[in-house]
Amino acid sequence: MDKSKRPFLKFKRSFRRRLPPDQSGDRIDYRNMSLISRFISEQGKILSRRVNRLTLKQQRLITLAIKQARILSLLPFLNNEKQFERTESTARTTGFKARNKQA
């Protein structure tokens, strides 16, 4: 079939209806930790709107609530368990001090 004779195919995007964060009518608030924790990854990052399946307004409210909770120390900025493990960096500094003493 020739390119000019092909019928014009228009691809329609299928829009899925966005779901509210909770069907029971929970308010998006920085104190509602059970709701907020669903929208944070294991690393402590805020998940995107596509992953959360939220509307733009809901995503903005979730983002503000997460940031307020972080500032008030209700949530950690980093959810990293290796945060306080600095064995390699302390070994480097002790090795540096030992070299200075030898010289």
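This is a predicted model: local features need pLDDT of at least 70, side-chain atom pairs count only at pLDDT 80 or more; totals for chains, interfaces and linings use all residues.
Q: Before we zoom in, what does the secondary structure of the chain come to?
A: Four helices and zero strands. From the N terminus on, the order is simply α-α-α-α.

Q: How much of the chain is buried, and how many residues does the chain have?
A: The chain has 103 residues, and 18% of them are buried. As for surface, the accessible area comes to about 9600 Å², with 53% of that belonging to carbon and sulfur atoms.

Q: OK, on to α3. What span should helix α3 have, and how far apart are its end C-alpha atoms?
A: Count 1.5 Å a residue: the 16 residues of α3 (residues 56-71) should span 22 Å, and the end C-alpha atoms sit 23 Å apart, which agrees.

Q: Which residues of α3 are buried?
A: An α-helix has 3.6 residues a turn, so residues three or four places apart point the same way. In α3, the buried ones are Q58, Q59, I62, T63, A65, I66, A69 and R70. Looking down the axis of α3, these buried residues fall within an arc of 165°, so they line one face of the helix.

Q: And what is exposed on the other side of α3?
A: There you'll find K57, R60, L64 and I71 exposed.

Q: What covers the buried residues of α3?
A: The cover includes α1 (33-36) and α2 (49-52).

Q: Which residue just after α3 takes a positive phi?
A: That's S73, with a phi of about 65°.

Q: Last one: what share of the contacts with a separation of 6 or more comes from residues 24 or more positions apart?
A: In this chain, 52%.

Definitions and conventions. Residues are numbered from 1 along each chain as its sequence is written. Side-chain values use heavy atoms; hydrogens and water are left out. Helices (H or I, at least four residues) and strands (E, at least two) are DSSP runs, numbered from the N terminus. The expected span of a helix is 1.5 Å times one less than its number of residues. Buried means under 20% relative accessible area, exposed over 50%, partly exposed in between (1.4 Å probe, protein chains only). The arc is that of the directions from the helix axis to the C-beta atoms. Contact means heavy atoms within 4.5 Å. Accessible areas come from the Shrake-Rupley method with a 1.4 Å probe; for residues, only the protein chains shown count as cover.
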